[in-house]
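The sequence and structure come before the discussion.

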Amino acid sequence: MIKRVIFDLDRTLIPWNDEWDKCVEKTYNYFGIPFEDDEFIRFNKAMLDYETHHRRFDKKDMSLYFRNILGKNIPDTFVDVWTSYLSELVPDKDER
């Protein structure tokens with residue numbers, strides 16, 4: 001069970017792994033959502049906007065927010081799938 005997702009956008013808490021960026025495209029592909037050239041930039045902006053305007057993280061609400069902001073057919077389970085892909089990339093303790 002995922003209790004929290006921490007977005008370390010300025011990379012001060014954990015070293016960055018480029019595979020994390022690819023999780024967004026992988027999630028789009030999972031749902032058959034077209035992934036445009038600038039989609040990752042638009043997605044990151046939407047994620048930052050969500051964090052700015054919402055005090056609580058709610059996966060269903062965040063999926064709805066992405067749907068409205070990005071104008072894509074994003075299902076309610078989008079954030080569930082996206083965070084599951086992210087969780088596969090969590091380094092072992094020895095790798096940190």
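Axes here are lines fitted to C-alpha atoms, for helices over the stretch in contact, and angles run from 0 to 180 degrees between N-to-C directions. The model is predicted.

Helix α3 and helix α4 pack at an angle of about 105 degrees, and their axes lie 7 Å apart. Angles of 65 to 115 degrees count as roughly perpendicular, so α3 is roughly perpendicular to α4. The residues that form this contact are listed below.

| Helix | Residue range | Contact residues |
|---|---|---|
| α3 | residues 59–70 | K59, M62, S63 and F66 |
| α4 | residues 78–87 | F78, V79, D80 and W82 |

By type, the residues of this α3–α4 contact divide into five nonpolar, one polar and two charged.

The largest nonpolar core holds 20 residues, of which Y28, F43, F66, F78 and W82 touch the most other members. At least two residues of this core come from each of α1 (18–31), α2 (39–53), α3 and α4. Helix α4 gives the most, with six residues. Leaving aside residues up to four places away in sequence, F43 touches V24, Y28, F66, L70, F78 and W82.

Which residues of α1 are buried? They are W20, C23, V24, T27 and Y28. An α-helix has 3.6 residues a turn, so residues three or four places apart point the same way. The buried residues of α1 pack against α2, α3 and α4. Just after α1, G32 takes a positive phi of about 70 degrees.

Conventions. Residues numbered from 1 in each chain as written. Predicted model: local features only at pLDDT ≥ 70, side-chain atom pairs only at ≥ 80, totals over all residues. Heavy atoms only, no water. Helix = DSSP H or I, 4+ residues; strand = E, 2+ residues; numbered from the N terminus. Parallel < 35°, antiparallel > 145°, perpendicular 65-115°, else oblique. Contact = heavy atoms within 4.5 Å. Nonpolar A, V, L, I, M, F, W, Y, C, P; charged D, E, K, R; others polar. Core = buried A, V, L, I, M, F, W, Y, C linked by side-chain atoms within 4.5 Å. Buried < 20%, exposed > 50% of the residue type's maximum accessible area, 1.4 Å probe, protein only.
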